[in-house]
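This report covers a sheet, a set of aromatic ring pairs, a helix and the nonpolar cores of one model. The sequence and coordinates come next.

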Amino acid sequence: YKGVRAFRALRMLRLLRLFKMGTFFEYLTVIRERYIPEGFLLLVTLFKIWGAFFLVNHYVACAWYALGLANDAKSWIIAADLQDADFGACYGNSLHWSLTQFTPATNNINPTGPEERTFAIGVIFLATGCFSSFVGAITNAVNRVRANEAKRNEQESRLRKFFNDRGLSVSLFMVIQNFGKKQKLYRRVIGEDSVEILRDIPESLKIVLREEMYKPTLASVRWLPESCDAGVMGKICMKAFSEHCADASQDIFLPGRSCDMAYVFCSGSLTYSRHSVVRVDLVGSANDVEAQTFNASRRQPIWVAQPALWTKWIHRGQMTSNACCVYSCVDGMLLALTTNRHDPA
């Protein structure tokens, strides 16, 4: 029987391969950022705060209970007539005393000796900072959600007034409103331009950053010569690449538009529709356009419009993001200038 249990435990260790590859944490991040509502995340945050608050009080209660047991002659346990009580009753009274030190509440348990009074004074100093931090964290979390919700309601009210003042169609309003709802569910990915500290770092450090960001993507193409050294690849990553983020239902490019860059999609789900004119599927309209859906990842990036790096290119279809996605653009002119300046000798 013990051998069977040991064998099952070894089989459970196979799950650790998920942590080695990192895919498990990537999936958790995607689920949290794209599919979990903000209200549920607020509830989880509140549970985490209250859990930390209870954990601190648990340790204080255990120390208070141990201090009462250490003195058999005179202690708070004897003063409260709990010397014959079981562990549950003593721990409950000790936890109650600890909670009253952290919150504006009362209890009938008081320190009786110098050791207990010194401990109680220390707990009061600890509770002064902890309680303020817990209340501040809860207030900030709730206010952040309220502010975001108020901003969205104001935007939706302005949109409704905009359509009412101009007598625009209800079907178009519903499409735009649906786009706004998708933005609520799929939170925007943080781009390089939105991180202020990255704008002020030295250029040498920015080159290293760009290389780590774009080198795996650049290494996946077939048109780059194998003899290309690391210096040229670093210059290409620094000069020719640029990162962009797209929200759900946002158009990446439209048909009939000229293109001078290639697109590299590293995350998210996208839909490509091949047609010659710009189309928007209004509510209740028929969709007779053939569409293909692609799922991109950093391990398997998707390159689109690569011929635009060498020749004149015009888009023949429409690419739309189904959820928040991160993609890079490779400028054909900057790529040509960077590679032409390279001397193989």
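An open sheet is formed by 4 strands in the order S1-S10-S4-S7, with antiparallel pairing. Strands here are DSSP runs of E with at least two residues, helices are runs of H or I with at least four residues, and both are numbered from the N terminus. Two strands pair if DSSP finds at least two bridges between them. Strand S1 (241–246) and strand S7 (302–304) are at the edges with a single partner strand each, so one side of each has no neighbour in the sheet. On average, neighbouring strands of this sheet are turned by 25° against each other, direction ignored. S1 and strand S10 (residues 325–331) run antiparallel and are joined by 6 bridges. Within S10, Cys329 stands opposite Ser242. Helix H9 (residues 203–218) packs on the sheet and touches S1, strand S4 (261–265), S7 and S10; the direction of H9 makes about 85° with that of S1. Contact means heavy atoms within 4.5 Å. Axes are lines fitted to C-alpha atoms, for helices over the stretch in contact, and angles run from 0 to 180 degrees between N-to-C directions.

This is a predicted model: local features need pLDDT of at least 70 and side-chain atom pairs count only at pLDDT 80 or more, while totals for chains, interfaces and linings use all residues. Residues are numbered from 1 along each chain as its sequence is written, and side-chain values use heavy atoms, with hydrogens and water left out.

The whole structure contains 17 aromatic pairs. Rings of Phe, Tyr and Trp (its six-membered ring) pair if their centres lie within 6.5 Å; planes under 30 degrees apart count as stacked, over 60 as edge-to-face and the rest as tilted. Two of the pairs are tabulated.

| Pair | Centre distance | Plane angle | Class |
|---|---|---|---|
| Trp64 and Phe119 | 6.0 Å | 20° | stacked |
| Tyr263 and Tyr327 | 6.2 Å | 45° | tilted |

Trp64 belongs to helix H4 (residues 38–70) and Phe119 to helix H7 (residues 114–166), so their pair ties together parts 55 residues apart in sequence. Trp64 is buried at a relative accessible area of 0%, whereas Phe119 is partly exposed at 25%. Buried means under 20% relative accessible area, exposed over 50%, and partly exposed in between (1.4 Å probe, protein chains only). In the other pair, Tyr263 lies in strand S4 and Tyr327 in strand S10, so parts 64 residues apart in sequence are tied together. Tyr263 is buried, with a relative accessible area of 9%, and Tyr327 counts as buried at 10%. Ring pairs also link these two tyrosines, Tyr263 and Tyr327, with Phe253, Phe265 and Tyr272 into a cluster.

For H4, the 33 residues should span 48 Å at 1.5 Å a residue, and the end C-alpha atoms are 48 Å apart, which agrees. The expected span is 1.5 Å times one less than the number of residues. Buried residues of H4 include Leu42, Phe53, Trp64 and Gly68. The buried residues of this helix, H4, pack against H5, H6 and H7.

The largest nonpolar core has 22 residues, of which Trp76, Trp97 and Phe102 touch the most other members. A nonpolar core is a set of buried Ala, Val, Leu, Ile, Met, Phe, Trp, Tyr and Cys residues joined through side-chain atoms within 4.5 Å. H4, helix H5 (76–79), helix H6 (87–102) and H7 each supply at least two residues of this core, and H7 gives the most, with 8 residues. Apart from this core lies another of 17 residues, among them Met233, Phe241, Val264 and Leu309.
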